[in-house]
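Student: I would like to learn how to read a structure like this one. Please show it to me, and we can take a few features in turn.

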Amino acid sequence: MAIGGVIGAGLFVGSGATIKAAGPAAFLTYAITGVLIVLVMRMLGEMAVANPSTGSFADYSRRALGDWAGFSVGWLYWYFWVIVVGFEAVAGGKIVQDWWPHFPLWLIALVLMVAMTATNLFSVRSYGEFEYWFASVKVLAIIAFLVLGTMFVLGWWPGKHMDFSNLTKSGFAPNGTGAIFSAIVVVVFSMVGPEIATIAAAESKDPARAISRATNSVIYRIGLFFVGSIFLIAVIVPWDSPTLGTSPFVTAFKTMGIPHADNIMRIVVLTAVLSCLNSAMYTASRMLFVLAGRGEAPRSWLRVNSRGVPVHAILASSFIGFVCVVLAYIAEDTVFLFLLNSSGAVILFVYFMIAISQLVLRPRTPPEKLIVKMWGYPVLTILTAGAIVAILVAMGFQDGTRSQLWTSLLSWAVILLAFVALRLTRRRAPVPDEPVTR
């Protein structure tokens, strides 16, 4: 879970845009963002080990700040991942369409969604098994690149000598040091996902041990897979290469002379997309299940089959995901684009609420339950929350992300209005007559 949650298609494809924006110094952007993600995971790990829960951070927000916070975080997180379901299905469909262009995109996306829905419907173990193999493909691809790339830059390659000149040839940070920090806005979304492990671990045999291992492993996985691979790409390929933005790993492999690099990476990226689709389906359904258990979603979504799988919650999430696929087909530049934008900053809202929840809950937690502790509490917790706010403010000043911030705030406002409406409806509900005792 921790591996699959951290490595996504954003690393294999989207990292090229970050390198073009920040130059060779882009690996510092990934390092800074990685520290932020690790701190959020550490806070979440502290709370999750002390009180394992399928609702995870939604439950912790509820305990720390009240029902409005739990309602908000639960629905925001569900909304984020159910949009990801549709987006990843479309992305996967486009990759498959490169091999079979005669098949319509919506049909391929539907087949991918049906396959991942079936995986999730069978059992949580089947979801874990699929995610394990998906993660294995991604990890092996990254490890192969790290090994071969290191050999290439150190001169252990036929006809190649040690060469780090691409780091400084046109300047280490050609667009200024500000670009290193402004690119964090984009990079943070490519690292989203490790928190899923705390939700899945609640359904494992030993939640505390599983959560503790998952949160601790994120540190070196981000450092190795993200920072390490981006550093090697910056050394191997000039930051202003015209092909870098399309697929940085393919460009690096071709520079090294690896044959069939484009087809190999297409398979890896498809695996990453399916992994994200699989995890998104799981996460969205479990959040619906928790919300239904709190009376904040239809009670029918609480029903589980003989294997303990919330069938109705999975089908509901799958249905909304397919609606997104249809909208991507008939209204890609209008409705579908609005949905993508309106969920763009949502994960940062959730991370902010995790930080605030840990800040509040730490003093309430018995010492014997603090098996995993957030470092430097409360200073690092406050600094992390402040950094998240700074990223959100930066989004408001950048043309490419401003619409995401405002539409995501609109999404949160709609959810808060729904919470108020739910409370008012419950207050107005007729109170049953008291039984007459004789």
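Tutor: Start with contact, which means heavy atoms within 4.5 Å. Leaving aside neighbours within four places in sequence, R62 is in contact with D67, G70, F71, R294 and E296. This is a predicted model, where local features need pLDDT of at least 70, side-chain atom pairs count only at pLDDT 80 or more, and totals for chains, interfaces and linings use all residues. Residues are numbered from 1 along each chain as its sequence is written, and side-chain values use heavy atoms, with hydrogens and water left out.

Student: Is R62 buried or exposed?

Tutor: Buried means under 20% relative accessible area, exposed over 50%, and partly exposed in between (1.4 Å probe, protein chains only). R62 counts as buried because its relative accessibility is 14%.

Student: How do α5 and α15 lie relative to each other?

Tutor: Helices are DSSP runs (H or I, at least four residues), numbered from the N terminus. Axes are lines fitted to C-alpha atoms, for helices over the stretch in contact, and angles run from 0 to 180 degrees between N-to-C directions. Angles under 35 degrees count as roughly parallel, over 145 as roughly antiparallel, 65 to 115 as roughly perpendicular, and the rest as oblique. The axes of helix α5 (residues 67-99) and helix α15 (residues 335-342) come within 9 Å and cross at roughly 135°, so α5 and α15 are oblique to each other.

Student: Which residues of α5 and α15 meet?

Tutor: Y79, I83 and F87 in α5 meet F336, L339, L340 and S342 in α15.

Student: What does W75 touch?

Tutor: Beyond neighbours within four places in sequence, W75 has contacts with L288, L291, E296, A297, W301 and I415.

Terms used: Helix = DSSP H or I, 4+ residues; strand = E, 2+ residues; numbered from the N terminus.
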